[in-house]
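I am opening these notes to record what I looked up, and in what order.

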Amino acid sequence: MLKRFSRLALWINLIFLLTHQVVGQNLSSDSTRRLFIEPFDKKINIGPILRHRYPIFIISGQDATHKRLYFRPNNSATAGLRGYTFGIAWETTLSLGKGTRSTSRYGESHSSDIVINGVGKRWYGDFHWLNYEGLYLKRSWENYSGDSVYPSRRDMTIRTRSASFTWIFRPERFSLRSAYLFTERQIKSSGSPLLRVQVSTTKFDAHSPLISGVDVDYFSDLDQVNGIHFTSFGVGAGYSYTYVPKKNFFINGTVVAGPAHYWSRYLNPGTTRTYDVQFNLNSYMGFSAGYNGDRFYGGFSYRGQTFSLKTNSSLINGNQNSFAIHGGMRIR
């Protein structure tokens, strides 16, 4: 416990030092910003997007054998539209069929998501609404051959609602929306420290217990639990940098990490609910590259975020990875 709070105090001090050092600096003039960034405020962006989002829940036992259960949806590919109008970026996609791999092996899954972004010179905010229905299960202690059928749980769902706000400390030299929304163009290579605040709620549940009878001996503290709901509040500090090797082309990397506060509840049918509160570390990573021209744009991006919860004898962690290919055109 002391070690956990020591790490938390270290992150809080790092964030304080970062904000204390940069907030006191005055913004450079608009002329300086025009040397590094070109806005497209009077234009509307619209185009298709193909997204590969692959969430995973991992339940690990704390025994000597370290048994693990992996829960994933079969359908990880979605397609839809993405646009930018009046300072609001939006994205809506639907799953491509019942599964991107063999449904006879991995079962059927359905997914949908809605993403809304609000952007400004100094800040970047987003809201995510994600749904997955139908998961398959993989046991770490079993070998699966090329024709093995994975246990399928069509009654399982993952629902995530999250909102984040990112403060950019050097908006006169760096544009985060240029790298991920294409609403501006980074002219010269530059970067900026970031401060990110996120609130999210996740529900991982089923109509029957999450752990089946044949596996319950390895995860006894989750016996008869048919739902894990948790809400997190995290603050992280990091850095983002965009490299411009040639006019209209760019490569961006973003890393943010910091403490997170989790409120969790475990649902047991017919009994009282179990609640827990704990601190842990939260991380976010982003990468993007592409072409950002006057009229047409396109590229690909990756975003990944992790979480971790600990029970009496099990560890629950996972990530929300997203890989997208997108493009479009600008119209006045």
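**Entry: salt bridges**

I took a salt bridge to be a side-chain nitrogen of Lys or Arg within 4 Å of a carboxyl oxygen of Asp or Glu. The model is a predicted one, in which local features need pLDDT of at least 70 and side-chain atom pairs count only at pLDDT 80 or more, while totals for chains, interfaces and linings use all residues. Residues are numbered from 1 along each chain as its sequence is written, and side-chain values use heavy atoms, with hydrogens and water left out.

By the salt-bridge rule I count eight of them. I looked up arginine 154 first, and found that it forms a salt bridge with glutamate 108, with the closest N and O atoms 3.3 Å apart. Arginine 154 lies in strand β8 (residues 152-168) and glutamate 108 in the loop between α3 (103-106) and β6 (110-119), so this pair ties together parts that are 46 residues apart in sequence. Helices and strands here are DSSP runs numbered from the N terminus, a helix being H or I over at least four residues and a strand being E over at least two.

For accessibility I call a residue buried under 20% relative accessible area, exposed over 50%, and partly exposed in between, using a 1.4 Å probe and protein chains only. On that scale arginine 154 is exposed at 61%, whereas glutamate 108, at 24%, is partly exposed.

I then looked up glutamate 184, whose side chain meets that of arginine 33 in a salt bridge at 3.2 Å, N to O. This pair links distant parts of the chain, with glutamate 184 in strand β9 (residues 184-186) and arginine 33 in helix α2 (residues 30-36), 151 residues apart. Glutamate 184 counts as buried because its relative accessibility is 1%, and arginine 33 counts as buried at 9%.

A further salt bridge joins the side chains of arginine 139 and glutamate 142, at 3.9 Å from N to O. Arginine 139 is buried, with a relative accessible area of 10%, while glutamate 142 is partly exposed at 33%. I also noted that salt bridges with shared partners join Arg33, Arg177 and Glu184 into one network.

I count two strands as paired if DSSP finds at least two bridges between them. Strand β2 (residues 44-61) pairs with β3 in the antiparallel sense over four bridges, and serine 60 has arginine 68 in β3 as its bridge partner. β3 also pairs with strand β7 (residues 123-139), again antiparallel and over four bridges. There leucine 69 has arginine 139 in β7 as its bridge partner, and arginine 139 also takes part in the salt bridge with glutamate 142.

**Entry: positive phi**

Glutamine 224 is not a glycine, yet it has a positive phi of about 70 degrees. It sits in the loop between β10 (190-205) and β11 (227-246) and is partly exposed, with a relative accessible area of 45%. Asparagine 248, likewise not a glycine, has a positive phi of about 75 degrees. Asparagine 248 lies in the loop between β11 and β12 (249-267) and counts as buried at 15% relative accessibility.

**Entry: the largest pocket**

I worked on a 1 Å grid over the protein atoms alone, where a pocket is an open set of points with protein on both sides within 12 Å along at least five of seven lines, a cavity is a set of points where a 1.4 Å probe fits but cannot get out, and lining residues have an atom within 4 Å of a point. Grid points are joined across faces, edges and corners, and a volume is the space filled by probe spheres set on the points.

The largest pocket holds about 190 Å³ of space. Its lining includes Asp221, Tyr266, Lys310 and Asn312, and strand β13 (residues 274-292) gives the largest share of that lining, three residues.
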